[in-house]
Amino acid sequence: MPSKRSARVAIGALILIVLSLVLGGGALQRVNAVADSQYEDLRLFTDVLALIQRNYVEKPENKELVYGAIKGMLETLDPHSSFMTPEVYREMQVETRGEFSGLGIEITTRDDRIVVVTPIEDTPAFKAGILAGDQIIRIDGKSTKGMSLPDAVKLMRGPRGSAVKITVAREGADEPIDFTITRATIAVKSVKAKLLEPGLGYIRLTQFQERTADDLASALERFDKEQIKGLILDLRNNPGGLLDQAVKVADFWIDSGLIVYTDGRIENQRMEFRATRDVAKRDYNIIVLVNEGSASASEIVAGALQDTGRAVVVGTQTFGKGSVQTIIPLSDGSALRLTTARYFTPKGRSIQAKGITPDIVVEAGTVVARNGADRGVIRERDLERHFRGEDETEAKDAPAKAPQSRTRGREASDDKASDVQFTLGEPGKDLQLDRAIDMLKSWQVFQTLGTRRGTMAQQQPAAK
């Protein structure tokens with residue numbers, strides 16, 4: 001059992017650690033004094049630490065106690081703030097570069113459970129049949145009840161070639177479903193581009209990573225050579241990523257003005273991101289495809305192109321994550337992921353807990369529902385402790401409706417649904433994409449017709 005002197009030394013060290021978090025580093029606002037009430041709270045905290053050190057049945061590790069306390073502090077905030085151990089922080093840095101070893105799913109927490117936001121395309125989880133909305137109830141037999149996101153990620157990550165057993169509860173399934181999935185190196189290609197037909201380009205962004213804007217530039221240069229007249233930008237099931245990459249992506253098509261701005265409690269969290277003049281602009285027609293899996297950086301791009309009148313947004317209501325997380329490294333190699341600001345579209349819209357409402361709503365229908373896009377939909381407003389958005393009560397009671405038309409995709413009958421194969425980004429197998437192609441062609445026809453009418457009017461002889 002530790003002596004009173006060693007306990008006092010540990011308590012003093014912990015106070016310094018906690019105060020350093022309160023005072024912050026260069027990234028956070030410095031304060032010159034801590035209120036008396038805060039000292040009282042810290043004394044309570046250190047009293048509890050001393051009691052644990054003195055009386056717990058086994059001698060605890062001080063670092064584990066400190067980590068647990070910090071983790072608990074972050075878990076009282078919004079669902080996107082968290083504490084990352086040095087190991088988790090290193091994995092996060094690797095992931096933003098687009099390559100890691102694991103299953104390939106984006107997860108969140110809901111009702112103390114781990115829930116799949118979306119499986120990443122072409123990954124082991126995607127191929128095994130994991131769906132958006134699946135509730136992961138066990139990982140290798142270990143219950144996920146009350147498990148934190150970093151802990152769940154740690155269990156699912158592992159050496160390439162090793163297997164992990166995932167048990168999920170799925171809406172409509174009578175019993176939990178077991179999946180044994182072999183981990184692989186997840187090299188996520190964030191930009192997928194192809195010509196759908198002459199003059200019509202298609203780009204799918206799966207995430208916003210360090211190289212997304214560079215890879216997109218290469219794809220657009222190829223399309224420039226093809227002299228495309230229309231583009232479909234597919235952001236469906238894109239969970240977001242790096243803010244600077246979202247700004248650079250939108251900048252390819254926005255001539256001038258705001259792309260997004262952020263607003264937080266302190267001055268350095270209030271920033272504006274504007275279109276630049278050093279990017280070659282393209283003036284062809286654009287349709288942006290979104291759905292409930294489009295979140296964060298995806299919503300920044302969709303909202304910017306929509307507000308500036310640069311594109312028509314088609315699909316279903318997006319996820320609604322309108323907050324900015326700042327990564328703050330700590331002295332021992334760990335880090336905080338801390339929500340520091342909200343972001344707003346060029347017209348000042350906050351999408352927090354609401355999302356982007358498409359200009360034209362196109363629902364995918366039951367064919368897509370079987371593949372997870374509509375099953376057990378999870379949005380920001382469903383997460384515990386989320387920031388309340390503007391008019392959130394109204395949004396919950398009456399979902400926003402698009403101001404234009406509403407189209408429902410073809411539906412498969414129950415007895416034949418299992419035979420239908422939905423393939424994202426494949427014409428004829430992707431209902432929302434098929435509708436977007438029709439819209440883009442119609443758009444081009446009407447523009448051509450308008451040009452002809454203008455030319456004919458100019459050629460009419462003046463009345464005498």
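This is a predicted model: local features need pLDDT of at least 70, side-chain atom pairs count only at pLDDT 80 or more; totals for chains, interfaces and linings use all residues.
Residues are numbered from 1 along each chain as its sequence is written, and side-chain values use heavy atoms, without hydrogens and water.

**First stop: H8 and H9**

Helices here are DSSP runs of H or I with at least four residues, numbered from the N terminus. Axes are lines fitted to C-alpha atoms over the stretch in contact, with angles from 0 to 180 degrees between N-to-C directions. The crossing is right-handed (the near helix is turned clockwise from the far one by less than a right angle).

Now show side chains: Leu243, Ala246, Val249 and Ala250 of H8 meet Ala297, Ile300, Val301, Ala304 and Leu305 of H9, contact being heavy atoms within 4.5 Å. This contact has 9 nonpolar, no polar and no charged residues.

**Next: H7 and H8**

Select H7 at residues 212-226 and H8 at residues 243-251, whose axes come within 9 Å and cross at roughly 20°. That angle makes H7 roughly parallel to H8, and their crossing is right-handed. Thr212, Ala213 and Leu216 of H7 touch Gln245, Lys248 and Val249 of H8. By class there are 3 nonpolar, 2 polar and 1 charged residues here.

**Last stop: a cavity**

The model has 3 cavities of 30 Å³ or more. On a 1 Å grid over the protein atoms alone, a cavity is a set of points where a 1.4 Å probe fits but cannot get out. Which residues line the second largest cavity? Select Thr118, Pro119, Ile120, Glu121, Arg204, Thr206, Gln207, Asn237 and Pro239, each with an atom within 4 Å of a point. The volume of this second largest cavity is about 50 Å³, and its lining has 3 nonpolar, 4 polar and 2 charged residues.

Terms used: Helices (H or I, at least four residues) and strands (E, at least two) are DSSP runs, numbered from the N terminus. Angles under 35 degrees count as roughly parallel, over 145 as roughly antiparallel, 65 to 115 as roughly perpendicular and the rest as oblique. Ala, Val, Leu, Ile, Met, Phe, Trp, Tyr, Cys and Pro count as nonpolar, Asp, Glu, Lys and Arg as charged, and the others, Gly among them, as polar. On a 1 Å grid over the protein atoms alone, a cavity is a set of points where a 1.4 Å probe fits but cannot get out, and a pocket is an open set with protein on both sides within 12 Å along at least five of seven lines; lining residues have an atom within 4 Å of a point. Grid points are joined across faces, edges and corners, and a volume is the space filled by probe spheres set on the points.
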